[in-house]
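This briefing is for a reader meeting the structure for the first time.

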Amino acid sequence: MDEILEILEKDARATPEEIARMLKKKPAAVRSAIKKYEKGGVILKYKTVLNKDLIKDEDSAVRALIEVNIAPQKDVGFDKIAERIYSFPEVTSCYLISGTYDLLLVVEGKNIHTVASFVSEKLSCLENVKGTATHFLLKKYKEDGVILKHKEENKRIAISY
Amino acid sequence: MKNIVSKKVEQMQPSGIRAFFDLVLGMKEVISLGVGEPDFVTPWQIREAGIYSLEQGFTSYTSNKGLYKLRLSISRYLKNKHGLEYSPEDEILITVGVSEGVDLVLRSIINPGDKILIPQPSYVSYGPVTELAGGLPIYIDTERQGFKLTPGTLEKHIDKKTKAIILNYPINPTGISYTKEELSRINKVLLKHKILCISDEIYADLTYDFEHTPFAALTGAKDNTLYLDGFSKSYAMTGWRVGFACGPKDLIAGMTKIHQYTIMCVPITSQMAACEALVSGRKSVEEMKREYRRRRELMVEGLNSLGLSCIKPQGAFYVFPSIKKTGLNSLDFAQKLLRKQKVAVVPGRAFGRGFDDYIRISYASSMDNLKEALKRIGAFLKRK
């Protein structure tokens, strides 16, 4: 992977100037590389990783993993029905997977009831959805490579040879 | 009790900056660029191997030389990576970090009055340990040659009593390293005068601009070299204390004698974790190395643009900028910077007499910390 991407994946706020300094490149060259990645869809978005457990009055306080069984459609397979499902704003992630079911969704809601009603009123009634299994998340430990601890304690002594 | 401490120890140069270290340790919210170890923790697979070995009940002594499995892995690793052949039977000794290796070799080779050459600035232990072993440290100032030992200067410092040189590269505290050609020239002088090269290559894996050449890999050098390396810096395993010494049979046997009476063996948990490091740790080493290299660029440019000129280091995770322009000596500079801006660095005088115009800055700290530290150093220089 290009080191520019490695840097941005760790810190989306790194500026082209900083990246250029770190990699001994010209800022213009970094800027145009980033543009290219954005245009080509390699870089989709810059976002902030939040620890939502620490946010009060959180709108999306409950998350569930939902396994969905689907009857694929002629010609388009799973894609069309997946699109119908992932277009709901409640669905924050959607994957097609191998194994005993087809789609794995991550769904967010204000509380258990909102998620439950999304499943029963929106998801299950879709024509091609044959069945669902909902698992509510109890605790998040690690997400996308980030361990969700507030502050890592410094374990090194502050000065040494 | 009076005079409980021996004269020899009493006379050992006290570290003039101990008080400064205590000051740093007593202060909160300091950004420390004074740390001589990685800011990464040991990669999980390696930690897990240590835990697993404990679960399995591996809590005993090992062979004095170290676990055969570890020696064998090291032997294979050196063969694959550098084409160096050391027999796991009798040419490799597992030590408590490179520090123990340095102590063992000096005690093994020194007869009273023997001289040991130490290019400076250097890591802090070489001189005192030489003295403890009854040797005479001969310091070679390399400041004028860009902190590199040259064959000419080397030759000037050699006499009949010269027994060995302690060469360390990439160098702590400057981060400077040697190319193969430069090393070859030094090697020729050492071979000519039959002087042992004690080569401390603990930062070898963190070499950025060219391939690291182990001294022992140079033509004719192997029988004349004690090769010291370990897991601390490259695998972020400082606290595990595992190093290794590779060298001629007789020398390793001599060192093993002392090691078996004083240390017995390196803790088995650490040795087992080190075995895993060689199996699954290389990817992490490469990742960490890339991160260090990026930080190096940021720091060298940052410091130079603040007017603290420094040579761009080729390895390790240190820069050694000159603070001459500030008019402060290294201890004053470090103390004031700590008090006013809460940034800790190590005063240059720790690394040898004559380096009071320098400070050692470690970039084994997160990018955010480094950026913030540069800002604070900038503010300090303006208001000083």
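Among contacts in chain A between residues at least 6 apart in sequence, 53% join residues that are at least 24 apart. The model is predicted. The points below are grouped by topic.

**Chain A as a whole**

- Chain A holds five helices and six strands.
- Read from the N terminus, the order of elements in chain A is α-α-α-β-α-β-β-α-β-β-β.
- The radius of gyration of chain A is 21 Å, whereas a compact globule of 161 residues would have one near 15 Å.
- The C-alpha trace of chain A extends about 60 × 40 × 30 Å along its principal axes.
- Buried residues make up 17% of the 161 residues of chain A.

**Contact between chains A and B**

- Chain B contributes 20 residues to the contact, and chain A contributes 13 residues.
- On the side of chain B that touches chain A, the elements giving two or more residues are α2 (18-25) and α11 of chain B.
- The most comes from α11(B), which gives five residues to that side.
- By class, the residues on the side of chain B that touches chain A are 11 nonpolar, three polar and six charged.

**Nonpolar cores**

- The largest nonpolar core has 117 residues, and B:Ile198, B:Ala245, B:Val343 and B:Val345 touch the most other members.
- Helix α11 (residues 282-305) of chain B supplies the largest share of this core, six residues.
- Residues up to four places away in sequence aside, B:Ile198 touches B:Val105, B:Ala164, B:Ile165, B:Ile166, B:Leu167, B:Leu226 and B:Leu228.
- Another core, of 14 residues, lies apart from it and includes A:Ile85, A:Leu103, A:Val115 and A:Phe118.

**B:Lys163**

- B:Lys163 is part of strand β5 (residues 162-168) of chain B.
- Because 20 other C-beta atoms lie within 10 Å, B:Lys163 counts as buried.
- Beyond its neighbours within four places in sequence, B:Lys163 is in contact with B:Ile109, B:Ile110, B:Asp114, B:Lys115, B:Ile116, B:Ile195 and B:Leu196.
- B:Leu106 is 57 residues from B:Lys163 along the chain, and their C-alpha atoms are separated by 9.8 Å.

**Helices α5 and α9 of chain B**

- Helix α5 (residues 97-109) of chain B packs against helix α9 (residues 249-262) of chain B at an angle of about 110°, and their axes are 9 Å apart.
- Angles of 65 to 115 degrees count as roughly perpendicular, so α5(B) is roughly perpendicular to α9(B).
- From α5(B), the contact uses B:Leu104, B:Val105, B:Arg107 and B:Ser108; from α9(B), it uses B:Leu251, B:Gly254, B:Met255, B:Ile258 and B:His259.
- The contact of α5(B) with α9(B) has five nonpolar, three polar and one charged residues.

**Helices α12 and α13 of chain B**

- Helix α12 (residues 330-341) of chain B and helix α13 (residues 367-383) of chain B cross at roughly 110°, with axes that come within 10 Å.
- The two helices α12(B) and α13(B) are therefore roughly perpendicular to each other.
- B:Leu337, B:Lys340 and B:Gln341 of α12(B) make the contact with B:Arg376, B:Ile377, B:Ala379 and B:Phe380 of α13(B).
- Four nonpolar, one polar and two charged residues form the contact of α12(B) with α13(B).

Terms used: Residues numbered from 1 in each chain as written. Chains lettered and ligands numbered in written order. Predicted model: local features only at pLDDT ≥ 70, side-chain atom pairs only at ≥ 80, totals over all residues. Axes fitted to C-alpha atoms, helices over the stretch in contact; angles between N-to-C directions. Helix = DSSP H or I, 4+ residues; strand = E, 2+ residues; numbered from the N terminus. Parallel < 35°, antiparallel > 145°, perpendicular 65-115°, else oblique. Contact = placed C-beta atoms within 7 Å. Nonpolar A, V, L, I, M, F, W, Y, C, P; charged D, E, K, R; others polar. Rg over C-alpha atoms; globule rule 2.2 N^0.38 Å. Buried ≥ 20, exposed ≤ 12 C-beta atoms within 10 Å, placed from the backbone. Core = buried A, V, L, I, M, F, W, Y, C linked by C-beta atoms within 7 Å.
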